[in-house]
Amino acid sequence: MENRRVIACTVHTASEAETARFGAELGECISLVGPLGAGKTVIVGGLCRGLGIEESVVSPTFILLETFQGRLPVVHVDLYRLEHERELEELGVFDYVRDGAVLLAEWGDRSPRLHGMADVEIRIEGEGSERSITVYAVPELAEAFAEIA
């Protein structure tokens, strides 16, 4: 699938709290990409708080999918252990999206279909507590994300 996203902004954070605050300002169908320990789940937690979800958010690495209800329904998936893309169909991930849920996919690039449909891709790099977070978004959303930075 053709990549239709453009760089919307790059943000540098110096703590887990700053990374979570950044997540709280986002929301859409989002693919999060970065190495182990980069802060993908921290951003998802911030996104969930931004959507009014007060529950604790942990990575669903072993259960693959977790749902939450805030101002909008949220589906949090972790594709780290994904063996076959058909597992997403079996979990009903695409049904949730068709029903209007916000989809937050850690390791989203492990599914070409899911990654390709994402309106937003967040790439995280860094070590220790410092992060460089680059947001790629479809052109219609890029301007809004640039305002966050």
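Modeller: This is a predicted model: local features need pLDDT of at least 70, side-chain atom pairs count only at pLDDT 80 or more, and totals for chains, interfaces and linings use all residues. Numbering runs from 1 along each chain as its sequence is written, and side-chain values use heavy atoms, without hydrogens and water.

Colleague: Just after H2, which residue takes a positive phi?
Modeller: Gly52, at about 85 degrees. Helices here are DSSP runs of H or I, at least four residues, and strands are E runs of at least two, numbered from the N terminus.

Colleague: And which residues in H2 are buried?
Modeller: Lys40, Ile43, Val44, Gly45, Gly46, Leu47 and Cys48. Buried is under 20% relative accessible area, exposed over 50%, partly exposed in between (1.4 Å probe, protein chains only).

Colleague: What does the charged end of Lys40 sit over?
Modeller: The ring of Trp107, 4.2 Å from its centre. The rule wants NZ of Lys or CZ of Arg within 6 Å of the ring centre and within 35 degrees of the ring normal. Arg113 also lies over a ring face, that of Phe94, at 3.7 Å from the centre.

Colleague: Switching to aromatics. How many pairs?
Modeller: The count is 1 aromatic pair. Ring centres of Phe, Tyr and Trp (its six-membered ring) must lie within 6.5 Å; planes under 30 degrees apart are stacked, over 60 edge-to-face, the rest tilted. Tyr80 and Trp107 have centres 4.8 Å apart and planes at 50 degrees, so they are tilted.

Colleague: Is Trp107 buried or exposed?
Modeller: Trp107 is buried, at 15% relative accessibility. Tyr80, at 35%, is partly exposed.
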